[in-house]
Each structure stands twice: as C-alpha cells, then as structure tokens.
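These are my notebook entries on one structure.

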Amino acid sequence: MYEYLGNTHMHTPYSDGTKWHGEIADDAIKAGLDFMIVTDHNIWVDGIEGYYKNGNGRVLLLVGEEVHNPRRNPQFSHFLAIGAEIELSPYADDPQQLIEQTLAHGGYGFLAHPYDPPAPAFDEGSLGWQDWHIDGYTGLEIWNYMSNFKGQLGNKLRSLRAALNPSKFISGPEPATLTKWDELLSAGKRIVAIGGSDAHGFEASIGPFRRTIFPYEFLFRTVNTHVLLAEELQGDIDSDKRRILDAIGKGNTWIGYDLPHSTADFRFSGQGRNKGIMGDEIKLDAGATLQIIAPARCNIRLIHNGVQVDEVKDDINLTYIPTLPGAYRVECFIKFQGKERGWIYSNPIYLI
C-alpha cells in the first residue's frame, strides 16, 4: 500500500481564512503534506485545483466546501462536501437535500465538528450538528483541532495559557463524537471518520497580547487524515484526485495526531475468507485475524461496536482473533507533554 498524508479542512479569505491558496500550499509543503482540501464557508471555488510546487516539493490542492445556513442562529450543522464539483450553498437550509445533492454529483459528505463545545468567554456558542434525523452522509469529522481547542477556553486567563501552549491542552476527539460514531456503527451503518485542522490562520488578541496563534503550517503538523492507496499517485490531477477522494469516502484511512510523533506507517488489516484494510469488508471464518501495527510504542485499544475487546500497553503490535461480526476500529494513545494523548483513530474493518 502507498500512504499519503493530507489535511481535509481549512479556509482562505474567500470565507474566514487569512491566506490564499498558493500561500497555504507552501505551508502544506513545508509541513510534509501530500494533499490538502480547502473548504471555505458556503462557496465552492472552481479552477484552483492542481499540484502546487516549490523548491521543497509539491502538494495536491483540492477544493471542497463547508456548507451551513448563515440565517440560522446559532449556525449549527456545518457540512463538509468534497468531490461534488458544484456550488452547494443553495441547499444549506435543507440538510437532507444538501446531502442528497452532494452524493448525486459524485461527492462525499461529512458532518463537521458534530459535537462542538461552546466558548462562553468569547461569546461563541456550539456549532455542532443538530439535524440527526437526516441520513445518507458519508461520515463524521471525529477530530477537529480548532473545535477541540475551543473547548479549552473556559476563561480569559485559561485562554491566554492555551494560546501560548495549545499542545498542552489538546488530548483527543470530543468523547461525545466518538460515542455517537460507535452508536451509528453498532446500528450497522457504514460511517467514515476523517480528521482535520480547521485552519484559518487568524490572529487572536487578549488585552495587549496579539499573535497568530495557529499558523497554517503548525496546524498541518497536528490532526491529519492518512490515506492508503493500492498504487502510487502518478501526477495526473484528475486521476490522483479521484483516487484520493474515493479512498477517503471508503474509509481506507486513519486520523493521526502527528505532532507528538508521526503516525506514518500505522497499519490495521485483517483476513478471513478474504483480506482487507480499514474501510473494507472481511468475511468472517474460523481463521479470521485482525492485525495492528503502530509506528511507535503506545497503548493500543481495539473497539468492537463501541466496546473495547482488547488492549496492549507500551507496545507496537496487537493481534486479535475475532469471533463476532461487526465494526472493529483502533485507538492508539501516546505520552506527550506529561499526559496520555489520543494519537491514532482508525476507520473500521467490517467483519460480516
């Protein structure tokens, strides 16, 4: 398998970001990304996709859209659409139609920061997902770095401390999001997980203190989505784009917090009557096994339909013999800045 590193959620001045596409691409290259998906609010920018290059390498820049109803107060239910190739904001007031239009045009749709904590110190409420009656979406953004950080802003003093050392305050996805994901998987739904930075590059000020606390390059070294492909990318924009998006849509991916330690080379695979990786179905038989290989020593947990069924500590390998069908996913935790942090969250393998 060939592994590619990407970030799936960011903004430019077309909405509320501070850098344009080419500038962000330079930061992505510096951070070692292979692809990036720009998702401005309620605007799909055509004609900007392609490989961007500088002296340090190249990155494939793709364009999606973060759609929400701007007349809704608070502005709940943000939706990340990728690969649809049309402007989707006209459907913002009808989440079900928004999803259906995304899929009808060959795209994939993810509920952005579905459990978004409020920041009362800054008069910002939750922007989480409220329309759980809808169906058909591809998956959930289980880890949004900026949403995760926002939950730490309990008061102005804590906010200042968090701004000076954000990594001390980031520990993993919102627990409610993981609970909801497991609930959906246990009900038999195929729900794909992604993770991203939600990068804006904005400046923050508290009294005399003012700085760009979350530069794009820094955020591109934090929460990313890692993609596995059967063949290498060839440098052709159209085919490379479709293969990356299809792998994301299928769930041949994991979410990695790459700041404590790179999550590259993580693998979660299985075999029964056939073999597969994350996002695949495997037919259960008497010889079925699941294999987890981590890129560094960590605590590895295997989750089946929301219940932990196995765990190893301070190791790089876990092998499990499943006897029940269902969705199996992996969580890995690593020590960073004196605390155990969420590190890797795999998409499920589905045993049938």
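In which sense do strand β5 and β6 pair, and over how many bridges? I looked this up in a predicted model, where local features need pLDDT of at least 70 and side-chain atom pairs count only at pLDDT 80 or more, while totals for chains, interfaces and linings use all residues. Residues are numbered from 1 along each chain as its sequence is written, and side-chain values use heavy atoms, without hydrogens and water.

**Strands.** I found β5 (residues 79-82) and β6 paired in the antiparallel sense over 4 bridges. Strands are DSSP runs of E, at least two residues, numbered from the N terminus; two of them pair if DSSP finds at least two bridges between them. Gly 109 of β6 is the bridge partner of Ala 81. With strand β7 (residues 139-144), β6 pairs in the parallel sense over 2 bridges, and there Phe 110 has Gly 139 as its bridge partner.

I then checked the side chains of β6 (residues 108-111): Tyr 108 and Phe 110 point one way, Gly 109 and Leu 111 the other, and all are buried (under 20% relative accessible area, 1.4 Å probe, protein chains only).

**Thr 253.** This residue lies in strand β12 (residues 253-257).

Notes: Buried means under 20% relative accessible area, exposed over 50%, partly exposed in between (1.4 Å probe, protein chains only).
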